[in-house]
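Subject: Structure handover

Hello,

Here is the structure I promised you. Please open it next to this email and follow along.

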Amino acid sequence: MASSQPPLSYIIVGAGVFGTSTALHLATKYPASSVTLVDRDAHTAERRVAASWDWNKVVRADYRDPVYCGLAVEAQDVWRQDPLWQPYYRETGIYWISRTGIAQRALENFARLGRGAKDGEGRMMKIRAVPVDEAKRLYGGVFDQADYTGVENVLVNETSGWADAKGALRAATEKAVEKGVKVVKAEVRELVFGEDGACVGVVTEEGERYTATHVILSTGAFTPKLLDRVAEKTGRDEFLVGDRIIAAGVTTGLAQLDDRTAEEFSGMPVAIQENDPERGASNGGLPLTADKRLKWWGQCIFKNTQTMPSGRQISAPPASVDYAQWSVPETLVEDIKFANTAIFGKRGETWKITDHRICWDAVTPSEDFIISPHPASKGLYIATCGSFHGWKFFPIIGEYVVKMLDGSLDPELQKRWAWDRERPDPLGNKVWPVKELKDLQ
Ligand SMILES: Cc1cc2nc3c(=O)[nH]c(=O)nc-3n(C[C@H](O)[C@H](O)[C@H](O)COP(=O)(O)OP(=O)(O)OC[C@H]3O[C@@H](n4cnc5c(N)ncnc54)[C@H](O)[C@@H]3O)c2cc1C
């Protein structure tokens with residue numbers, strides 16, 4: 001007898017790592033379901049607004065938090081072995097110039113997970129805390145002029161690395177399409193609700209309507225703005241993100257190295273430098289791309305508070321279609337120069353840094369993701385809030401979103417990633433933006 005149950009259908013808004021990974025895992029687990037992935041930018045576009053679209057991203061399991069350490073180890077295993085992900089992953093190692101004791105905590109976490117090859121005396125060989133003088137000689141001495149003020153040990157983890165972000169994003173989307181996911185290029189303007197208040201679909205700026213049994217918002221930094229619109233339209237403040245999520249920006253920039261310099265830096269690992277908390281959480285430099293470009297991210301983290309049509313004050317990316325991400329004020333250009341000096345000292349002084357970009361992400365006070373039903377409406381779910389560290393989980397995060405949708409997410413993760421959960425005071429969090437973009441102009 002035919003089932004009277006309607007087939008499961010999913011609309012995912014936002015094709016960054018959270019949305020794309022979810023689409024891929026849904027299409028794999030439920031091949032008979034209908035999965036539609038909607039994004040304002042085509043997955044083939046030359047440039048996109050997604051935080052997930054980038055030249056490269058760090059893939060590391062060096063976390064103070066044992067839960068994210070475990071999840072990142074799980075993701076890295078996939079990065080290393082799976083033919084879909086492996087071509088985009090480079091295990092160059094990482095070099096942490098840390099002032100906050102990450103080395104000890106990360107080593108404890110790896111030991112607890114039984115990870116890391118050990119020498120005869122039980123010390124980990126590939127993941128280790130190295131005294132500064134010794135560390136300066138590693139990797140051909142490329143970091144010998146870095147700022148080590150207040151640093152005792154450098155955490156060197158040869159099992160960390162980075163990935164070609166846009167390459168992996170495009171390949172994963174193409175794999176999802178192969179598995180039957182429908183990809184739509186459109187800006188979602190509104191959500192659609194049934195008479196019982198359940199969310200049953202979305203409407204695009206062009207007025208196109210898509211319906212499904214499940215609507216998942218993986219809209220990154222745009223989420224607070226979109227839900228503000230929904231609250232305004234429905235007259236229901238329960239949709240608002242409140243102090244759960246803030247849109248925050250960080251600047252990146254790249255330098256094209258000449259052949260000789262590229263050769264000198266060809267063996268460099270990822271470098272992360274923690275700075276004075278006044279400036280922000282950290283800055284970093286990534287190893288050379290295939291076309292010999294070195295990328296930095298800056299330490300200044302900022303918000304962009306605007307008055308919404310609802311009258312509410314909300315931080316959101318600038319209103320233009322490209323989030324004005326290529327219009328970078330001089331102060332933030334300087335922030336990238338500072339990152340270069342903090343890592344390479346005089347070695348990088350003549351490099352010409354170009355392609356400055358402001359990358360917007362959704363950040364939570366605890367830096368935990370939100371992977372949860374939205375309690376304001378049945379059928380509506382949230383899966384986003386990478387909080388400046390979500391990219392590396394690309395191969396596996398969708399599996400966790402699917403578990404959330406199925407109601408089988410581990411209770412600890414369910415609690416940690418819930419829409420409603422205990423929220424720490426964000427001011428204790430170094431990635432919580434305090435500065436306003438307008439004050440940096
Ligand atoms: C500078 C910087 C460096 C980072 N470095 C790292 C790193 O090295 N390693 C790491 O693990 N993480 C890193 N992160 C964090 C990581 O990039 C993000 O946490 C992650 O990419 C967020 O993914 P997402 O899918 O939630 O959002 P996004 O990637 O931002 O995707 C959201 C998508 O939603 C779409 N969208 C939004 N609203 C709508 C709408 N109304 N209609 C249609 N489409 C819509 C957007 O177009 C976008 O494509 C970094 C972040 C930044 C900003």
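The largest nonpolar core has 131 residues. Those with the most contacts inside it are Ile11, Ala23, Tyr95, Val215 and Val401. Helix α9 gives this core its largest share, seven residues. Keep in mind that this is a predicted model. In soluble globular proteins, nonpolar side chains tend to be buried together.

Now look at α9 itself, residues 394-406. Which of its residues are buried? They are Phe394, Pro395, Ile397, Gly398, Tyr400, Val401, Val402, Met404 and Leu405. After α9 comes Gly407, with a positive phi near 80°.

Leaving aside neighbours within four places in sequence, Val401 is in contact with Phe18, Thr22, Ile371 and Ala383.

Take Phe18 next. Phe18 sits in helix α1. Is Phe18 buried or exposed? Phe18 counts as buried, because 35 C-beta neighbours lie inside 10 Å, and 20 or more are enough for that label. Not counting residues up to four places away in sequence, Phe18 touches Ser218, Ala383, Thr384, Gly390, Ile397 and Val401. Two of the names in that list, Ile397 and Val401, are among the buried residues of α9. Phe18 and Leu107 are 89 residues apart in sequence. In space, their C-alpha atoms are 28 Å apart.

The ligand comes next. How many residues surround the ligand? The number is 38, and the closest are Gly14, Gly16, Gly220, Gly386 and Gly390. Gly390 is also one of the residues that Phe18 touches. The shell around the ligand divides into 18 nonpolar, twelve polar and eight charged residues. At least two shell residues come from each of α1 (17-29), β2 (34-39), β3 (56-59), β14 (246-256) and β21 (353-363). Helix α1 gives the most, with three residues.

Now the strands. Start with β13, residues 214-217. In a regular strand the side chains alternate between the two faces of the sheet. Both faces of β13 are covered. His214 and Ile216 are buried on one side, and Val215 and Leu217 are buried on the other. Val215 is also one of the residues with the most contacts inside the core.

Strand β13 pairs with β1 and with β23. Four bridges join β13 to β1 (residues 9-13), and these two run parallel. In this pair, Val13 stands opposite Leu217. The pairing of β13 with β23 is also parallel, over three bridges. Here Ile216 has Tyr381 as its bridge partner.

Next, an open sheet. Its three strands have the order β3-β8-β4, with antiparallel pairing. Strands β3 and β4 (89-90) are the edges, and each pairs on one side only. Strand β3 is joined to β8 (residues 161-164) by four bridges. Helix α5 (residues 165-178) lies across β3 and β8. Helix α5 runs at about 55° to β8. Strand β3 also supplies residues to the ligand shell.

There is another open sheet of three strands, in the order β10-β11-β12. Its pairing is antiparallel. Leu191 stands opposite Val202 in β11.

Last, two backbone details. Glu367 is not a glycine, yet its phi is positive, about 65°. Glu367 lies in the loop between β21 and β22 (370-373). Glu367 counts as buried because it has 21 C-beta neighbours inside 10 Å. Ser387 also has a positive phi, near 50°, and is a residue other than glycine. Where is Ser387 found? Ser387 is in the loop between β23 (380-384) and α9. With 22 other C-beta atoms within 10 Å, Ser387 is buried.

Best wishes

Definitions and conventions: Residues numbered from 1 in each chain as written. Predicted model: local features only at pLDDT ≥ 70, side-chain atom pairs only at ≥ 80, totals over all residues. Near = placed C-beta within 6 Å. Nonpolar A, V, L, I, M, F, W, Y, C, P; charged D, E, K, R; others polar. Buried ≥ 20, exposed ≤ 12 C-beta atoms within 10 Å, placed from the backbone. Contact = placed C-beta atoms within 7 Å. Pairing = 2+ DSSP bridges. Core = buried A, V, L, I, M, F, W, Y, C linked by C-beta atoms within 7 Å. Axes fitted to C-alpha atoms, helices over the stretch in contact; angles between N-to-C directions.
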